[in-house]
Amino acid sequence: MQVTTIGLDIAKNVFQVHGIDAEEKVVVRKQLRRNKVIEFFKALPPCLIGMEACATAHYWARELTKLGHKVRLMPAKDVKAYVKRNKNDAADAEAICEAVTRVNMRFVPTKTAEQQSCLMLHRTRQLFIRQQTSVINAIRAHLAEFGIVAPVGRNGVDELLDVVADPSDKRVPEVARMCLAALGSTA
């Protein structure tokens, strides 16, 4: 059994392997638990491994490359055309195995840990901005229900939060004031 190409369908816990030899005969179809993946690939001579570029793919690509394998990541939408039968992990692994050998397939470069860290920084910042915008919109909407509105922008939000912070302003019921103060502490 000389595996030359493997399609690896990655998941949270159980990975599916589909491997072929130089004559494109199937020589391995196997499920692997997450903790057995490295052990399995250490025992194989270097080969071509295809994976969909999805969550954890860049990590696994780096790890398998360290073992001497050539790893190619592909957009999942491009692999989909190669699924021959019912969609399941085994069928996906087979489709990945076939797709990785196609000359016209587009490949995604494997990101380094540093590149992924930078991407994480940008995504975290975007998440915080979306959350802040959501909270500000909630404060505006809740206070509008009591007839209290302010101009758009940071100054307008500050005006609204001043109303919330003023216990003598009776337009805002106490329960609502507590909720809005909690939202304001995150805005």
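1. With which residue does lysine 84 form a salt bridge? The partner is glutamate 94, and the closest N and O atoms of the pair are 3.3 Å apart. The two residues are ten apart and link distant parts of the chain: lysine 84 sits in the loop between helix H3 (76-79) and helix H4 (89-99), while glutamate 94 belongs to helix H4. Please keep in mind here and below that this is a predicted model.

2. Glutamate 94, with a relative accessible area of 14%, is buried, since buried means under 20%.

3. How many salt bridges does the count come to? The figure is eleven. One of them joins arginine 171 to aspartate 169, with 2.7 Å between the closest N and O atoms. Arginine 171 is partly exposed at 45% relative accessibility, whereas aspartate 169 is buried at 13%.

4. A further salt bridge brings together the side chains of arginine 177 and glutamate 174, at 3.7 Å from N to O. Both residues lie in helix H7 (residues 174-184), with a spacing of three residues, or about one turn of the helix. Is the arginine of this pair, arginine 177, buried or exposed? Arginine 177 is buried, its relative accessible area being 6%. Glutamate 174 is partly exposed, with a value of 49%.

5. Some salt bridges share partners, and in this way Lys84, Arg85, Glu94, Glu98 and Arg102 are joined into one network. The pair of lysine 84 and glutamate 94 from the opening point is a salt bridge between two of the residues named there.

6. Glutamate 52 deserves a separate entry. This residue is in strand S4 (residues 48-52). Glutamate 52 is buried but has no salt bridge. Which side chain of opposite charge is nearest to glutamate 52, and how far away is it? It is lysine 87, at 5.8 Å; a salt bridge would require the nitrogen to be within 4 Å of a carboxyl oxygen. With neighbours within four places in sequence left aside, the contacts of glutamate 52 are Asp9, Ala57, Met74, Ala76, Val79 and Ile96.

7. On helix packing, consider helix H5 (residues 113-144) and helix H6 (residues 154-165). Their axes come within 11 Å and cross at roughly 55°, which means that H5 is oblique to H6. The crossing of H5 past H6 is left-handed. From H5, the residues that take part in the contact are Gln132, Ile136, Ile139, Arg140 and Leu143. On the H6 side they meet Arg154, Gly156, Val157, Leu160, Leu161 and Val164.

8. Lysine 80 is placed in the loop between H3 and H4. Its relative accessible area is 64%, so lysine 80 is exposed.

9. Where does histidine 18 lie? The residue is in strand S2 (residues 14-20), and it is buried, with a relative accessible area of 3%. Residues up to four places away in sequence not counted, histidine 18 touches Thr5, Ile6, Gly7, Val26, Val28, Arg29, Ala93, Glu94 and Cys97. Glu94 in this list is the glutamate that forms the salt bridge with lysine 84.

10. Most residues other than glycine have a negative phi. Glutamate 24 has a phi near 65°, a positive value. This residue is found in the loop between S2 and strand S3 (26-33), and at 61% relative accessibility it counts as exposed.

11. Threonine 56 is located in the loop between S4 and helix H2 (57-66). Its relative accessible area is 38%, and threonine 56 is partly exposed.

Key: Residues are numbered from 1 along each chain as its sequence is written. This is a predicted model: local features need pLDDT of at least 70, side-chain atom pairs count only at pLDDT 80 or more; totals for chains, interfaces and linings use all residues. Side-chain values use heavy atoms; hydrogens and water are left out. Helices (H or I, at least four residues) and strands (E, at least two) are DSSP runs, numbered from the N terminus. Buried means under 20% relative accessible area, exposed over 50%, partly exposed in between (1.4 Å probe, protein chains only). Lys and Arg count as positive and Asp and Glu as negative; His and the chain ends are not counted. Contact means heavy atoms within 4.5 Å. Axes are lines fitted to C-alpha atoms, for helices over the stretch in contact, and angles run from 0 to 180 degrees between N-to-C directions. Angles under 35 degrees count as roughly parallel, over 145 as roughly antiparallel, 65 to 115 as roughly perpendicular and the rest as oblique. A crossing is left-handed if the near helix is turned anticlockwise from the far one by less than a right angle, and right-handed if clockwise.
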